[in-house]
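Hello,

Here is the structure I promised to pass on to you.

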Amino acid sequence: GLYVPNALNPGNIDPEVAVFRPKGVNLKSYLVEIYDRWGNLLWSSTKIDSKGSPTESWDGTLHGEVLKEDVYVWKIAAQFNDGEVWDGTNSGNNLNMPQKKSGTVTLIR
């Protein structure tokens, strides 16, 4: 499955809250991108570990500069080891929390 968070709070003492990192397993391929409201690409990653889990996270910065509190857009393309393409609704045990191939993440300062 693949779960995508909807907020991050850089500087929070909880590392799970301080960054934006989708959670997933059994991913064969993965691309996550973060955009601002004008469509500028701010961050992207394709890195997954041997278990098929995303390994990188976005910390709310661009080229080391702190970004302002705002709503940003994420886009994800992913395929699982069994060949299934992530359709935005496969969220593991969270079947009542459908995901989309794109959505928003709120940066809270």
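N26 is partly exposed, at a relative accessible area of 44% (buried is under 20%, exposed over 50%, partly exposed in between, with a 1.4 Å probe and protein chains only). This is a predicted model, in which local features need pLDDT of at least 70 and side-chain atom pairs count only at pLDDT 80 or more, while totals for chains, interfaces and linings use all residues. Residues are numbered from 1 along each chain as its sequence is written, and side-chain values use heavy atoms, leaving out hydrogens and water.

N26 sits in the loop between β3 (23-24) and β4 (27-35), strands here being DSSP runs of E with at least two residues and helices runs of H or I with at least four, numbered from the N terminus. Its phi is near 60°, a positive value in a residue other than glycine. H63 also has a positive phi, near 55°. That residue lies in the loop between β6 (61-62) and β7 (65-66) and is exposed, at 76% relative accessibility.

Now for the fold. Five of the strands make an open, mixed sheet in the order β2-β9-β8-β4-β5, where pairing takes at least two DSSP bridges between two strands. β2 runs parallel to β9 (residues 102-107), with two bridges joining them; L8 has L107 as its bridge partner in β9. Of the 109 residues, 36% are buried.

Best wishes
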